[in-house]
Amino acid sequence: MRAIDLVKRRPLVITEDRPFIEAVDLMAKENTGSVVVVEDLNSMKLRGIITERDVIRALANRLPLDTPVGKVGTMGPRVVRARVDDSVGTVASLMVNYRVRHVIVVDDEDRVVGVISIRDLLGDLDAVREIARLDRYPKVRE
């Protein structure tokens with residue numbers, strides 16, 4: 001099973017210049033824990049991710065609600081991503097090693113294809129069976 005097989009819906013996306021309250025509104029409306037940050041809505045090039053944890057941190061630091069997403073979310077090379085053909089085991093390894101609940105799935109040109117949440121991973125019985133058969137998690141690239 002590949003990473004792309006776990007992508008169930010189009011990713012929610014936002015650009016880094018938008019106020020982070022817009023990302024919060026999207027998360028609330030769609031009942032999800034993250035919004036992917038893209039360069040622009042046409043290219044879908046990955047820039048980052050804003051999650052519930054990022055929002056809590058921003059609120060705890062008393063950041064204004066109009067603070068740009070790019071200043072609140074996790075941006076750049078620190079964003080945990082998987083390629084469409086990566087195995088489910090690799091996705092699980094990324095979540096465990098980087099202690100994240102969302103892995104962004106990208107194509108070879110770093111365009112966003114989808115997001116896999118821990119809920120998506122654990123909710124797919126075939127994926128759980130495949131992970132259970134592993135002797136150890138696959139090594140992930142740094």
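**Why these labels: burial, salt bridges, cores and strands**

Visitor: Why is E109 called partly exposed?

Guide: E109 has a relative accessibility of 46%. Buried means under 20% relative accessible area, exposed means over 50%, and partly exposed lies in between (1.4 Å probe, protein chains only). E109 therefore counts as partly exposed.

Visitor: What kind of model is this, and how are residues numbered?

Guide: This is a predicted model, in which local features need pLDDT of at least 70 and side-chain atom pairs count only at pLDDT 80 or more, while totals for chains, interfaces and linings use all residues. Residues are numbered from 1 along each chain as its sequence is written, and side-chain values use heavy atoms, with hydrogens and water left out.

Visitor: What makes the contact of E109 with R111 a salt bridge?

Guide: The N to O distance between the side chains of E109 and R111 is 2.9 Å. A salt bridge is a side-chain nitrogen of Lys or Arg within 4 Å of a carboxyl oxygen of Asp or Glu, so the label applies to E109 and R111. R111 also meets D107 in a salt bridge, at 2.8 Å, N to O. R111 is partly exposed at 33% relative accessible area, whereas D107 is buried at 16%.

Visitor: What makes a set of residues a nonpolar core?

Guide: A nonpolar core is a set of buried Ala, Val, Leu, Ile, Met, Phe, Trp, Tyr and Cys residues joined through side-chain atoms within 4.5 Å. The largest one here has 17 residues, and V91, V103, I116 and L121 have the most contacts inside it. Helix α4 (88-98), strand β6 (102-106) and helix α6 (125-132) each supply at least two of its residues. The largest share, five residues, comes from α4. Apart from this core lies another, of 13 residues, among them F20, A23, M27 and V69.

Visitor: How do you know that G89 is buried?

Guide: G89, which lies in helix α4, has a relative accessible area of 3%. That is under the 20% limit, so G89 is buried.

Visitor: How do you know where the helices and strands are?

Guide: Helices (H or I, at least four residues) and strands (E, at least two) are DSSP runs, numbered from the N terminus.

Visitor: Why is β7 described as largely enclosed?

Guide: Strand β7 (residues 112-117) has six residues, and five of them are buried, so β7 is largely enclosed by the rest of the structure.

Visitor: How do you know that β6 and β7 pair?

Guide: Two strands pair if DSSP finds at least two bridges between them. Five bridges join β6 to β7, which run antiparallel. One of the bridge partners in β7 is V112, which faces V106 as its partner. The two strands form a hairpin with five residues between them, and D110 in the turn has a positive phi of about 65°.

Visitor: Why is L125 called exposed?

Guide: L125, in helix α6, has a relative accessible area of 52%. That is over 50%, so L125 is exposed.
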